[in-house]
Amino acid sequence: MRGKSLMFQGTASSVGKSMLCAAVLRIFRQDGKTAAPFKAQNMALNSFATREGLEMGRAQVTQAEAAGMEPSVRMNPVLLKPTGDARSQVIVEGKPIGTMSAMEYERYKPRLRERIRQIYEDLERSVDVVVLEGAGSPAEINLKRGDIVNMAMAEMADAPVILIGDINPGGVFASLYGTVKLLSEAEQRRVKGIVINKFRGDVRILEPGLAMLEDLLHIPVLGVIPWMDIDMEDEDSVTERFSRGAGQGQIRVAIVRLPHISNFTDFNLLSLEPDVSVSYVERAGDLQGADILILPGTKNTIEDLHWLRRQGLDSGILRHAQAGGMVFGVCGGYQMLGKALYDPQHVESRIPKVEGLDLLDFTVTFREGKTTVQASGSVDCAEGWLRSHNGLLLDGYEIHSGVNAFGADCLPFLRLNGRGEIDGVMNRQGNVLGSYLHGIFDSGAFWRALVNRVRAQKGLRQNEEALVTLSEYREREFDRLAAIVRQNLDMDAIYRILRGEDVPCGRWKQV
């Protein structure tokens, strides 16, 4: 092993691989190393447009930020975005190459292996160390033949592997033992350490089991990471964020949890306003009492619009807007607010036209191709309450299909720099707004303006406190994460493994 790479794999999805990779990348940065993340293949609807206008998974963007690196598609060469019909859009090196079923993609994957190797080696040459992340479990034996992201990737990178198990659902010892024993002998030798994640309680209770696990597998347990209340961006829709809500306060924000919700990382900052609570909703009854309704991005606007109607959410949204309540749509959610959605080339649907919610005066036409670009602009509103915020700078990125045609009753409020292109519009009453700009709330300033508008309507005191940007908030969370992991993970052992040295078992033996 070359001492340039370290790989985290897990016994299953959602065991904490992404978070631990981010933690170790931040620790390496704190220790003076240049480090970069890498995940050969990611399946997620949360994505990001790079400076070059290429698309990659948000998990590796977050990890790059933890490492202090510019996000690059070299860190995530293959991204799969499920479309909702048992198929996924396949994005290679930041560009979509088509939509495939699972079996079609399995047949296609071998063509990617050599290119992934080249991309990885190019990335590795540019940094001191690469922290690789696996996907799912390396013991998914039905998928091993076509593997490009777990042990096959570890072999390509000649990377030692740290195996992570999640204790929270129970059965962690069996899952760790079973995962290792389903690997080949060569793969088992590549596993150099084990980490147990999301533990609640006194670690001394685990020590007999940890000692037995080391005796059975002859692999050292490098640490037990406690359950952490760290606000990190989620890789995909397998997240507790949808069920737990966030924040406390009189102003209630309801985000519609669409079946193909994407880029819900847009809303991570919202509950930092002290009197705001945020929840994700799926039923019409959950909209009652909300002050602000948000329709988020989606990978399949038309299918999710049909779902919205089947759930009866459309009538709840219309009643809210007609009563003067605030409604905001982002990307696909923005498209739903228009009069009609046309799909003549069947990009999203077999139906050539679908009626929108008719809350904003525009139509959307889907065509082949996709806009993926970083964008910046400013509030530029000729009339309405947002005029007092003209000149407010906003940055973000766009990832969408579809082009809008605006009618006379659409009031532009956001224009992009350079071209003067309209990116955000609202109705004449100023309570229904939408934009393609992901990250529109990240500076805190635009969200503060919306919330202060609602505060004024409810007779509440305006918030004039200093803003916290999402970037500042993330930096604090990265440092908190690194501090907790450094305290509970044997970093000396991690560095020894990185150098190719063996780490002995026996730390957990009872005296």
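I will go through the sheets, then the ring pairs, then the cores.

A word on the source. This is a predicted model, where local features need pLDDT of at least 70, side-chain atom pairs count only at pLDDT 80 or more, and totals for chains, interfaces and linings use all residues. Residues are numbered from 1 along each chain as its sequence is written, and side-chain values use heavy atoms, with hydrogens and water left out.

Two terms here. Strands (E, at least two residues) and helices (H or I, at least four) are DSSP runs, numbered from the N terminus. Two strands pair if DSSP finds at least two bridges between them. Angles run from 0 to 180 degrees between N-to-C directions, and axes are lines fitted to C-alpha atoms, for helices over the stretch in contact.

Strand 2 meets strand 9 (residues 129–133) in the parallel sense, over four bridges. There, Ala36 stands opposite Val130 in strand 9. Contact means heavy atoms within 4.5 Å.

Four strands form it, in the order 20-19-21-24; it is open, and the pairing is mixed. Strand 20 (353–355) and strand 24 (403–406) are its edges. Strand 19 and strand 20 pair in the antiparallel sense over three bridges. Ala340 stands opposite Glu355 in strand 20. Helix 10 (residues 301–310) packs here, touching strand 19 and strand 20, at about 40° to the direction of strand 20.

Where is Tyr342? Tyr342 is in strand 19 (residues 340–342). Its relative accessibility is 29%, so Tyr342 counts as partly exposed. The scale: buried is under 20% relative accessible area, exposed is over 50%, and partly exposed is in between (1.4 Å probe, protein chains only). Beyond its neighbours within four places in sequence, Tyr342 contacts Pro352, Lys353, Thr363, Val364, Thr365 and Phe366.

Next stop, strand 27 (residues 432–435). Val432 and Gly434 point one way, Leu433 and Ser435 the other, and all are buried. Strand 18 (residues 326–330) runs parallel to strand 27, joined by four bridges. Gly329 has Gly434 as its bridge partner in strand 27. Strand 26 (residues 422–426) runs antiparallel to strand 27, with three bridges. Strand 26 and strand 27 form a hairpin with five residues between them, and Gly430 in the turn has a positive phi of about 80°.

On to the rings. How many aromatic pairs does the structure hold? It holds 12. Rings of Phe, Tyr and Trp (its six-membered ring) pair if their centres lie within 6.5 Å; planes under 30 degrees apart are stacked, over 60 edge-to-face, and the rest tilted. Take Phe28 and Tyr495: the centres are 5.5 Å apart and the planes at 55°, so this pair is tilted. Phe28 lies in helix 1 (residues 17–30) and Tyr495 in helix 15 (residues 491–498), so the pair ties together parts 467 residues apart in sequence. Both Phe28 and Tyr495 are buried. Then Phe38 and Tyr120: centres 5.2 Å apart, planes at 75°, so that pair is edge-to-face. Ring pairs also link Phe267, Phe328, Phe413, Phe441, Phe446 and Trp447 into a cluster.

Finally, the cores. In soluble globular proteins, nonpolar side chains tend to be buried together. A nonpolar core is a set of buried Ala, Val, Leu, Ile, Met, Phe, Trp, Tyr and Cys residues joined through side-chain atoms within 4.5 Å. The largest has 67 residues, and Leu308, Phe328, Phe446 and Trp447 have the most contacts inside it. Apart from it lies another core, of 58 residues, including Met7 and Leu163.
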